[in-house]
Amino acid sequence: MARTTKKTKAHINKQLWDRANNSHRQRWQTLSQKGYDFYLNEQLSKEEKDQLEESGMPTFTINRVTPIIEIMKYFVTANNPKWKAVGATGDDVDVAQVHSDIADYCWYLSNGKSLYSQIALDALTKGVGYFLVDVDKDADRGMGEVRFSRLDPYDVYVDPASRDFLFRDANFIQVRKNIARSRLINMLPEFAAKIKKVAKSTDVVSYSQRDTDLGETIQPEDITMGISLEAEDEDIVPYYETYHKKKFKYRNVYIKIEPSKAELLRLKEQVEKEVQSFREEVEVGLIEKQIKIEQAVQSGEIIPERAQLEIKKSQEMAAQAIREKEMELISRARDEATIVKQEVMPESQYKLLINNKNLKKNIVDSVVFYENRVVQTCSAGDDVFLYEYTLPIREYPIVPIPYMYTGTPYPMSAVTPLIGKQQEINKAHQIMLHNANLASNLRWMYEEGAVPEEEWEKYSSSPGALLKYRQGFATPTPILPAPINNAFYTVVQEGKSDAEYISGVPSAMMGFAQDQAETYRGLLANDEFGTRRLKAWMGSVVEPALEHLGRCFQMQAQRHYSVEKVFRIVQPEAGQSPQEQEKEVKINIQIYNDYGEAIGRFKDYASARFDVRVVAGATMPVNRWALLEEYFKWFQAGLIDDIAMIAETDIRNKKQVIERKSVYSQLQGQVSSMEEALKDKDGTIETLERQLVQAGIKMKVGDASNEIRKDVLETEAQQKLLRGMLKVEFEKMRDQMQSDMDSTKQEVSKNEQ
C-alpha cells in the first residue's frame, strides 16, 4: 500500500507538469527563447538564413540588443542588495542588528554577486529570473548553511491561475530539470537505487528557431546526452520538485518552567535567611511589648491576669506572622524562579504534552491557530517517488523577479519590444550592403556564345582585366543596380534611436562621446534622467522582490541557525589591516547560572521577531567622478569636513591619510598640547590660589589683631581716664569728708567748751 502511495505522488508530479506545460506556457517559452536568441546574436532563423543565401544577400546582423541589455544589467546589479532588519520589541533590537551581517555572510558564501547578475539577465532576456533560498545541509561540517541559488526560468512551472507578481498565491510551483543520471545520484546518494531505475527522458523539445547545427551558440536544450565517468554516454533523466502550501494546525503554548533542584536549594537558603531576620525582628518587638505590659502592671493600669493574656496573644500573633512571612517569601521566590515560556508547536507535539501528567500541569494556556507551511515533493522520471518534506517556512523559497509583469506567470522580457526594431535594422543594412555589392560586382547581359563564360566569371570583376568577346555577337552590356533609396539610411538611424528610446538606455549611458564634453553636473543629470525607466522597474518590481527574498531568507535562517554560531565577515577597505577587515558576529550565546546550568540565550536568533526591509537604491551604480566633484564643492563650501571628503575618494591608505592630514587630527594634536599647557597653568593657578588664600588668612589675622589691639588700647585709655576721674572724685570726696570731720571736731570742741 505504501508503494502505491509513493507511485501516486510521482504520477501526480508528472501530471502537474503536463498541465502546467500547456499551450500558453509553450507559446511564452517560444517568444522568450526568441528574445534570448536575439540577445545571443542568433537573430536569423534557419528559414530566413536559407532564403538570404539563396538570394545572394548577406546574412550578417548589426546587434543592438546585446549592448543595451548589458548596460541595463550593469545599472541593476552594480552593487549588492542590502537588507535592514527592524526589531519588533526592544529585546529584539540586538538580534535585528546582527541579521544584516548574517545575510551578508550567506550572500558571500553563495557568490551572490554573480547570482544576482545572472538572475537579472534572465529577467531582461527571458522575462523572469528566479532566486532559490535553500539549506546546504552538508556545509560547515554538517552544521549546514543557508544559501542563495539560481533557477533557470525554463525549468520553473507556475500555477497558471496565479495573479501575484511574486507568485505567492500560486497553488503550486514546480521545478523540472533534465539531469544526467550520475549527477542526480551524486546530489541524492541516499536514493541511488531508485534513481538507477528511472527511465530515460524522451521529452526533448526545442523552442529556438535558430539553426542548431550552424548556430553561433550552444544552449542547454542542445545537450541531450551526458558522459559518465567511464567515458560512456549517459542518460538524461527528468527530476521534479513540487512546492505547494498547506495549512497546518499549531498551538501558541505558554509553558511554566519549574526551577531546578539546585535553584530550589538556593532559594530555600535565601528564604531561611530572610525568615530568620524577620523572626529576630518579631522577637525583639515581642520583648518590647512584654516590658510595656509589665510596666503597665506595676503602674496599676492593668491587672496581672490581663497582662498574661495579652502576652499570650502577642506570642501567638508573632508565631502566626512568622509563618505567614515564610509562606509569602517561599511563594514569591518560586514565582521569581518560575519562567513562563511561549513556544509555538504543532498540534501533534501539543497532544504529547497534554498526555503526559507531569508536563500537563506546567501548561498555563494555549492558543490555536493555522499557518501555511511549504511541502516539497520530489520524484524522478514518471513513476519514481523520492521523498516528501515539510519546509519550516510560510512562503515559497522560490522568489521571481519579472521584467514586464502581464498579470500571469508569463511576463515579457526587455528584448521582446526590441525584436522588431532589430529586424528592421538588420534588413536595412542587408539591403544597403547587397546593393553596394551589386554595384561593385556588375552583372552582364550577353548573347549566348558571345563571351567565354568561365573567363568572364573569373576576371570580370578584377581591376584592369581585359575581357574578350566573339565577333558577330552583340556587345555585352552591364546591368547596373537601381539606385538605393535614401530612406534606408534614415530607417537605420531612426531604428537605432527607436531602440534606445524603447529600452530607455541612451548612448550617453554607454559612455559614447557626445559632440561636446559634459560637465560633472551634466553627467549626473544624464544618470538621473537616463535611468528613470530602470529606476521605475527597480522601485516597483526588483526591490519588492528583493525584500520578499530577504523575508524568505529570514525564515530559513531563523529555523536553521538555532545553535550557538560565530560568523566571520570580511569587509575589505583601503588602508585597513586584515584584522580590522574581519568582523565577528555571534548568535545564540548560552547563559549559565552559578551551578553551570544553561538558563537562557543571549542574542537568541531563532526566537527573535523583526521585519526585514531592503535598502532602496542599494544596487544602483554611482557616477564616482561626478559625485567626487560634488563632494569637493561641498567641502569648499564648508558643508562637510575633510574626513567626509577623503572617505568618498579612492585614495590608498586613506585611513592613515586621515590620521595625518585631517583637520580634526591636527586639532586633536593642538588640543592635546593645549591640555598639557592647561594642566601646567591649572597647577600654577592652584599654587597661586593657595598662596593667595594663605595671604588672605594672614591679612585677616593681622586685621583682627589690629582690631583687638585697637580695642585694648581704647579700653586702656578709657580705663585710665576713668581711673583719673575716679581719683579726682575720690580726692574730692576725701577732702569733703576731711572738711566735714574737721567741722564736726570743731563743733564738738565748742560744745565741750
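This is a predicted model: local features need pLDDT of at least 70, side-chain atom pairs count only at pLDDT 80 or more; totals for chains, interfaces and linings use all residues.
Colleague: Nice! Which residues make the contact, and how do they divide into nonpolar, polar and charged?

Modeller: From α2 come Trp 28, Ser 32, Gly 35, Tyr 36 and Tyr 39, while α6 brings Leu 121, Thr 125 and Lys 126. Sorted by type, the residues of this contact are four nonpolar, three polar and one charged.

Colleague: Let's look at the loop between α2 and α3. Is Asn 41 buried, partly exposed or exposed?

Modeller: Asn 41 sits in that loop and has a positive phi of about 70°, although it is not a glycine. Asn 41 has a relative accessibility of 23%, so it counts as partly exposed.

Colleague: And what about Ala 231, buried or exposed?

Modeller: Ala 231 lies in the loop between β6 (226-227) and β7 (233-234), and its phi, near 65°, is also positive in a residue other than glycine. Because its relative accessibility is 66%, Ala 231 counts as exposed.

Colleague: Last one: what covers the buried residues of α13?

Modeller: Helix α13 (residues 419-440) has 22 residues, and its buried ones include Ile 419, Ile 425 and Met 432. Among the elements covering the buried residues are α2, α3 (46-54), α4 (65-77) and α15 (487-503).

Key:
Residues are numbered from 1 along each chain as its sequence is written. Side-chain values use heavy atoms; hydrogens and water are left out. Contact means heavy atoms within 4.5 Å. Helices (H or I, at least four residues) and strands (E, at least two) are DSSP runs, numbered from the N terminus. Ala, Val, Leu, Ile, Met, Phe, Trp, Tyr, Cys and Pro count as nonpolar, Asp, Glu, Lys and Arg as charged, and the others, Gly among them, as polar. The expected span of a helix is 1.5 Å times one less than its number of residues. Buried means under 20% relative accessible area, exposed over 50%, partly exposed in between (1.4 Å probe, protein chains only).
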